[in-house]
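Reader: I would like to go through the assignments in this model one at a time, with the criterion behind each.

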Amino acid sequence: MKKYKTIQRLSAVLIIVAAVITITSINGCAPSKAVAAKTGVQLWSENCQRCHNTPSPSTFSPEMWETVGMHMQTRALLTEDERKKIVEFLKSSR
Amino acid sequence: MKYLKQINKYGLLTAILISVSLCASAQTVIPFDSTIYDRLNALEEKVNYHKSGEDHFMVAGLATIGFASAKTTNTMNGVESVTKTNSFPDADHFEFSPMLLWRHGTKFLMEFEPSFNNNGLSVNWADVSYFAAPNLILRAGYFVLPFGTYAKREAAGWINKLATDPMGVADMPSTDYGVEAEGGLPLGSMKMNYDIALTNGLQLLQDGTLTTGNIADNNNNKTITARLGLLPFSNSCLEIGVSGMFGKVGDAGTGFQNVKGNMYAFDLNFVKTFSPILLNIKSQYNIVNIGDANYVNPVDTTQSYTFKNHSTSGFVQCSIRPTGIQALHDFELAGRYTSYNTPANSTWGSNQHSVSIGLNYWLSWRSVVRVAYEAYTGNSTASQALNAFTGTTNTNTLYLQFSIQL
């Protein structure tokens with residue numbers, strides 16, 4: 001019984017530590033200066049080809065790119081910043 | 001003094017000349033044409049008329065059609081039987097799946113993909129996503145589970161580099177009803193992504209296989225599926241992921257009611273240009289453990305049997321595309337090794353593997369024609385006492401396929 005309680009306490013401590021680390025990590029999530037400075041064309045060439053060929057900007061209208069961008073963020077789990085920069089590049093390069 | 005007077009004279013003369021020239025130029029101004037105002041107003045009206053609204057609806061999707069010619073040899077107790085089939089279109093991979101996307105402002109996205117395929121008319125997914133915070137998306141509905149990456153990112157015909165799906169990995173039920181939270185996070189020079197879903201859960205069938213979740217839960221237990229992905233390099237060329245799926249799979253009120261499923265998946269994706277070649281490596285390995293259960297014997301339904309319900313499946317795929325060579329940059333050569341081991345002493349036990357090679361010709365970035373060849377071998381480990389096939393199967397198939405993103 002004593003051993004069980006020790007395990008329980010240890011588990012509780014581990015959960016709290018894990019939660020603190022997780023929250024700290026998420027709040028501290030930030031790109032490095034070099035990553036933050038990446039342009040839309042760089043992100044387009046690096047990220048789209050992870051799954052499929054890089055799309056031609058002329059494929060869709062600006063409105064459509066906004067919608068497709070949201071869909072792709074859900075699929076490839078791009079960051080918000082990446083999605084905005086890629087969509088902006090695609091819209092402006094048609 | 002005389003000198004100052006001279007300056008005054010010249011100054012006066014300059015001022016007169018400037019005044020005269022200004023008056024002269026003023027006389028050359030053309031009176032503004034009021035019709036320009038009218039034209040500007042009309043143009044402004046036209047622009048406003050065509051200006052996009054907050055909402056947007058569009059249709060995308062995909063279509064895959066093809067031809068398959070196969071020769072299958074079944075061998076049991078030294079006796080061979082050969083069958084040959086020609087199918088047009090390649091029935092297993094034919095699909096016409098328009099995807100409907102509704103963007104509701106900047107926060108909501110609705111996705112619906114009906115599909116006409118070998119199984120008739122079905123739905124691939126129907127869900128609503130809410131972009132709650134910069135890197136947090138919440139979803140509800142019928143969606144693709146975050147178990148590995150093949151089903152969610154790589155299965156579409158115009159994305160896949162080969163004509164077939166990797167057996168086992170693609171055979172795992174991939175969709176369910178529930179809620180989901182996901183997002184991508186920057187981590188300095190790296191990135192990570194998370195995806196966690198709470199769903200009704202998969203259903204265990206009478207032979208020990210699994211099927212996709214129902215809209216009405218088959219038990220009161222919810223299944224948790226989660227994936228964590230890491231992109232360790234700043235150019236996003238490598239992604240490694242680990243997934244888990246945990247929950248009860250048995251129907252409530254039956255002998256299966258306490259049967260649980262514990263499943264794991266590991267995935268890898270590496271895409272990088274080593275000029276002039278674009279190298280693309282993809283891989284996934286699944287482990288499926290289903291708890292012990294007694295199944296009804298198909299030979300004698302008054303009897304039961306059991307087996308260790310443990311399956312593994314995995315594939316490694318590599319493709320190269322000479323993007324830097326003008327004459328060849330539309331071609332892509334792909335190869336894949338797939339392995340799928342299902343439980344011994346069941347009715348469907350088998351050790352299977354296949355080797356696939358294919359040549360893709362890209363008509364555009366989203367349409368492809370491919371020719372592929374696949375050699376499959378399956379050695380049955382099923383129970384002879386259950387009247388299952390216990391021999392060896394070899395199948396060689398040639399595929400011609402066209403796939404397009406709509």
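Reader: What makes residues such as Trp65(A) and Met70(A) in α4(A) count as buried?

Author: A residue is called buried if 20 or more other C-beta atoms lie within 10 Å of its own, exposed if 12 or fewer, and partly exposed in between, with C-beta atoms placed from the backbone. In α4(A) the buried residues include Trp65(A), Glu66(A), Thr67(A), Val68(A), Gly69(A) and Met70(A), and buried residues make up 31% of the 94 residues in chain A. This is a predicted model, in which local features need pLDDT of at least 70 and side-chain atom pairs count only at pLDDT 80 or more, while totals for chains, interfaces and linings use all residues. Residues are numbered from 1 along each chain as its sequence is written, and chains are lettered from A and ligands numbered from 1 in the order in which they are written.

Reader: Which element gives the largest share of the side of chain A that touches chain B?

Author: Two residues are in contact if their C-beta atoms, placed from the backbone, lie within 7 Å, and the contact takes 30 residues from chain A and 37 residues from chain B. The largest share of the chain A side, 9 residues, comes from α4(A).

Reader: How do you know that β14(B) and β17(B) pair?

Author: Two strands pair if DSSP finds at least two bridges between them; β14(B) (277–290) and β17(B) (310–321) have 12, in the antiparallel sense, so they qualify. β17(B) also pairs with β18(B) (331–342), antiparallel over 9 bridges. Ser319(B) in β17(B) is the bridge partner of Asn280(B), and Ala334(B) in β18(B) is the bridge partner of Ser319(B).

Reader: Where in chain A is confidence lowest?

Author: By pLDDT, the predictor's confidence in each residue from 0 to 100, helix α1(A) (residues 2–27) is lowest, at a mean of 64, whereas α5(A) (residues 80–92) is highest, at 97. Where pLDDT is low, the predicted coordinates should not be read in detail.

Key:
Helices (H or I, at least four residues) and strands (E, at least two) are DSSP runs, numbered from the N terminus.
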